[in-house]
Amino acid sequence: MESVSQSMKQMMSELNGGSDRYRELIHKVLNNDDVKNFLEKNNDSLDKDAIIKSLSKLYEFVSEKNKINSGQASTIPGYEPELKINNHLIDISYCPTEATIKARKQHALQKRIKTLMMPKDVNNASLHDFDMDESSSRMNVLEQALNFIKNYHKTDKWLPGLYIYGSFGIGKTYLLGAIANKLAENGVDVTMLHFPSFAVEMKNSIGNNNVADKIDAIKRASILMLDDIGADSMSSWVRDDILGVILEWRMQNHLPTFFSSNFSMDKLETEHLSVNNRGDDEPLKAKRIMQRIRFLSKEYLMTGSNRRPQ
């Protein structure tokens with residue numbers, strides 16, 4: 001069989017019957033680097049007649065590639081043409097571009113993370129961007145986070161989450177978001193919620209009779225992250241019938257739970273959970289909640305400067 005390059009030269013010499021515009025277009029198509037590489041690669045499968053019959057497909061391929069390379073919208077946005085052999089002729093298939101593949105992966109990743117009333121920067125939080133420069137506590141909490149992520153699917157043992165506490169604006173929420181994103185990359189579903197806002201939503205849902213459904217969806221999450229717990233005063237109802245129910249279910253079913261707070265566990269119990277929003281002192285109920293929190297998570301202090309805009 002004669003080589004494709006010889007066939008192409010012969011074809012070019014035979015293009016005398018068409019218009020100048022036609023010859024110019026065919027010349028550009030057959031001299032396109034991608035086309036030439038494809039034809040050479042498939043030299044054994046193609047002859048001159050096959051190429052002639054496939055000129056319209058080759059022209060379509062070159063035209064679409066030129067659009068994409070010049071930044072124009074292609075006929076099928078987000079897809080690029082690829083040449084292939086189909087029934088001994090040249091055909092085109094359209095495959096997603098790298099940008100489309102990346103966007104799909106990002107969309108699939110975000111579907112694994114349910115965020116309720118969380119800041120938008122949580123969506124892009126990354127462990128690689130977590131600032132560790134200021135203190136050993138930041139290195140320690142990051143190490144614990146990485147250990148959890150590494151071991152989550154590798155052991156049958158119970159793995160508690162992290163209870164991360166420290167002062168305002170040091171990156172506790174960002175770290176939770178980074179952990180969630182990494183877990184999602186590994187195929188793990190994560191639910192994150194800002195607990196004070198969630199408590200308000202639960203109060204507003206009483207009249208709609210859907211409190212139980214919302215609690216049920218939260219308590220069953222594979223991984224649950226409760227952000228900013230202790231930020232606002234809590235009613236006995238929220239503490240016992242919302243938070244308590246969620247934590248009890250998760251403790252009984254060994255479902256890892258993460259927390260962020262400005263309070264240590266001891267202070268959360270004595271300075272926040274023990275006194276409800278009416279000022280009633282209820283230490284035993286607070287202790288019951290804390291037993292569940294201590295079972296579900298391990299406490300880690302995180303320090304650092306306030307990174308929020310002043």
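Select Glu 248 to begin: at 25% relative accessibility this residue counts as partly exposed, a label that covers the range between buried (under 20% relative accessible area) and exposed (over 50%), judged with a 1.4 Å probe on protein chains only. The model is predicted, so local features need pLDDT of at least 70 and side-chain atom pairs count only at pLDDT 80 or more, while totals for chains, interfaces and linings use all residues. Residues are numbered from 1 along each chain as its sequence is written, and side-chain values use heavy atoms, with hydrogens and water left out.

Arg 292 lies in helix H13 and Glu 248 in helix H11, so the pair ties together parts that are 44 residues apart in sequence. Helices here are DSSP runs (H or I) of at least four residues, numbered from the N terminus. Arg 292 itself is buried, at 14% relative accessible area.

Next, select Glu 282 and Arg 239, which also form a salt bridge (2.6 Å, N to O). Glu 282 sits in the loop between helix H12 (265–273) and helix H13 (283–296), whereas Arg 239 belongs to helix H11 (residues 236–252), 43 residues apart.

Finally, move to helix H5 (residues 55–69), where Glu 64 and Lys 67 lie three residues apart, about one turn of the helix.

Definitions and conventions
Helix = DSSP H or I, 4+ residues; strand = E, 2+ residues; numbered from the N terminus. Salt bridge = Lys/Arg side-chain N within 4 Å of Asp/Glu carboxyl O.
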